[in-house]
Amino acid sequence: MQKHHYTAILFLVATAVMAFIASKDFLKMYEHDKVFPSEALTKTGMLSDYLPNLKGSNGDTEVYFFDSGVQGGTTLVLGGTHPNEPSGYLTAVVLMENIKVTQGKVIVIPQACRSGFTCTDPMEALPLGYYLKSKSGDRYFSFGSRVSNWLDQWPDPEVYTHYPSGQKLSGFETRNLNRAYPGKAKGTLTERVAYAIVELIKKEKVDVAFDLHEAAPEIPIIKAIVVHEKAKDIGAMAVLNLEFEDLKYALEISPQNFRGLSHREWGDSTEVFPFLMETSNPIQGRLRGRTNADLIINGVDNNYKIALESGKLRIEYDPEGEPLSVRVARHLQGIHAVVEAFNGFYPERQIVYENVPSYSDIEANGLEVYLQ
Amino acid sequence: MLFWIYIIILSILTVFVMIELFSEKQWKKQIAFVMILIPFILRILQIK
């Protein structure tokens with residue numbers, strides 16, 4: 001053997017060590033975050049209960065049922081449609097860890113796009129997760145990709161053709177759960193997850209469904225509630241009620257020609273009243289600087305602050321930041337307002353729950369006391 | 001099926017990179033080869 005053979009072996013060993021270290025981090029993303037549902041939990045199911053071919057796949061995810069046993073309506077709360085939008089996921093977790101249902105039924109899916117929680121978006125330098133203080137100490141929460149894991153659904157086509165409308169989008173969107181509804185029973189993993197969620201809505205006779213999201217601060221629909229046209233009265237009432245709480249929301253009607261989204265397809269395919277809610281999330285912003293767990297939790301970004309101070313930022317941005325606790329509080333208050341509005345319009349299908357923190361509760365106490 | 005074709009192509013490329021690694025005499029260039037190998041290995045093992 002010559003000298004350069006020895007250096008090649010040395011470098012190969014170093015490569016194996018680095019690959020092993022990296023693997024440990026990547027494989028950790030497949031571990032499920034611990035959640036502690038409240039005592040009101042009546043059943044834990046899986047999404048594959050509604051589409052058996054999801055069983056054992058990376059798209060299968062837990063479905064938590066909180067049934068009061070008292071006749072009433074049913075609501076579904078979906079977090080983690082886009083795993084890089086943490087307030088949706090955290091809102092579902094806070095809700096299920098505190099809720100007591102006194103009438104009707106509440107169903108929660110905290111990680112709707114389970115596959116997306118097992119990776120992050122390439123070239124974005126995103127953290128794999130973050131720690132939050134809770135009653136039981138520091139808790140780890142996964143941060144993921146906007147879309148399903150490439151390893152679960154490959155290759156992306158050049159152009160994604162939505163089923164069944166035929167709408168064409170960029171190939172990347174083929175793994176986007178919120179472009180896949182109403183889904184396809186024998187389609188791609190993402191289409192199957194979408195199909196199972198629609199089946200759940202039909203079989204459980206869900207009356208009101210929430211899809212919780214976040215968007216970059218420069219996106220116009222932040223701080224909005226997007227509704228299907230059949231739910232616009234409920235949405236308008238909810239927005240008015242939120243105004244009384246000094247919380248501003250824009251009411252957006254779901255575009256009829258933009259297919260595949262929850263607020264459009266759930267409403268068209270089922271009897272449910274769908275609502276999609278957005279909050280402002282600086283870690284998704286294109287102007288953002290240092291990208292780390294602090295940015296997820298505190299939402300303070302110096303680049304946005306500089307842009308705001310220069311007068312060139314033509315969007316609403318709080319220089320104090322967009323903390324995760326405030327974003328979760330907005331979602332929880334939004335859900336409450338919509339459910340209250342629904343109860344007003346449909347008193348025979350009331351959904352009544354308690355013990356879920358309000359916006360002002362979280363503003364006063366932080367998130368910590370509501371995480372078990 | 002396409003996925004497995006991709007994995008086979010990647011495996012062949014990995015072998016070629018390793019052959020080049022052992023035939024390369026400058027250690028600085030060898031480092032470049034092993035840097036390429038890390039993502040290849042993780043992808044073949046379907047970890048990343």
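**Before you start**

Residues are numbered from 1 along each chain as its sequence is written, and chains are lettered from A in the order in which they are written. Since this is a predicted model, local features need a pLDDT of at least 70 and side-chain atom pairs count only at pLDDT 80 or more, while totals for chains, interfaces and linings use all residues. The predictor gives the complex an ipTM of 0.87 and a pTM of 0.93.

**Stop 1: all of chain A**

Select chain A and colour it by secondary structure. You will find nine helices and 14 strands; helices (H or I, at least four residues) and strands (E, at least two) are DSSP runs, numbered from the N terminus. The radius of gyration of chain A, taken over C-alpha atoms, is 21 Å, close to the 21 Å that the globule rule gives for 372 residues, so chain A is as compact as a globular protein of that length. That rule is 2.2 Å times the number of residues to the power 0.38. Along the principal axes, the C-alpha atoms of chain A fill a box of roughly 85 × 50 × 45 Å.

How much of chain A is buried? Buried residues make up 49% of its 372 residues. A residue is buried if 20 or more other C-beta atoms lie within 10 Å of its own, exposed if 12 or fewer, and partly exposed in between, with C-beta atoms placed from the backbone.

Contacts are worth a look too: two residues are in contact if their C-beta atoms, placed from the backbone, lie within 7 Å. Of the contacts in chain A with a separation of 6 or more, 73% are between residues 24 or more positions apart.

**Stop 2: the two domains**

Now give residues 1–30 of chain A one colour and 33–370 another: these are domain 1 and domain 2. Their bounds come from an automatic or database domain assignment. The C-alpha centres of the two domains lie 39 Å apart.

**Stop 3: helix 8**

Select residues 324–345 of chain A, which form helix 8. This helix has 22 residues and reaches 32 Å from its first C-alpha to its last, close to the 32 Å expected at 1.5 Å a residue; the expected span is 1.5 Å times one less than the number of residues. Is helix 8 of chain A largely enclosed or open? In helix 8 of chain A, 19 of the 22 residues are buried, so it is largely enclosed by the rest of the structure.

**Stop 4: A:Lys232**

A:Lys232 is partly exposed, with 15 other C-beta atoms within 10 Å. Leaving out residues up to four places away in sequence, A:Lys232 touches A:Val227 and A:Ile253. Try the distance tool on A:Lys232 and A:Phe275: they are 43 residues apart along the chain, and their C-alpha atoms are separated by 9.6 Å.

**Stop 5**

Where does A:Pro155 sit? Look in the loop between strand 7 (137–142) and strand 8 (159–161) of chain A.

Then move to A:Pro164, in the loop between strand 8 and strand 9 (168–170) of chain A. A cis peptide bond joins A:Tyr163 to A:Pro164, with omega about 5 degrees.

**Stop 6: two positive phi angles**

Select A:Ala125, in the loop between strand 5 (105–109) and strand 6 (129–134) of chain A. Its phi is near 55 degrees, a positive value in a residue other than glycine. A:Ala125 has 10 C-beta neighbours inside 10 Å and therefore counts as exposed.

A:Asn355 lies in the loop between strand 14 (352–354) and helix 9 (359–365) of chain A. A:Asn355 is not a glycine, yet has a positive phi of about 75 degrees. With 14 other C-beta atoms within 10 Å, A:Asn355 is partly exposed.

**Stop 7: chain B**

Finally, select chain B, which has two helices and zero strands. Its average pLDDT (the predictor's confidence in each residue, from 0 to 100) is 91, and 100% of the residues score at least 70. The C-alpha atoms of chain B fill a box of roughly 40 × 15 × 10 Å along the principal axes. Buried residues make up 12% of the 48 residues in chain B.

**Stop 8: where the chains meet**

Show both chains together. The contact takes 18 residues from chain B and 17 residues from chain A. On the side of chain B that touches chain A, helix 1 (2–23) and helix 2 (27–44) each supply at least two residues. Which helix of chain B gives the most to that side? Helix 2 of chain B does, with eight residues. The residues on this side of chain B divide into 13 nonpolar, two polar and three charged. Here Ala, Val, Leu, Ile, Met, Phe, Trp, Tyr, Cys and Pro count as nonpolar, Asp, Glu, Lys and Arg as charged, and the others, Gly among them, as polar.
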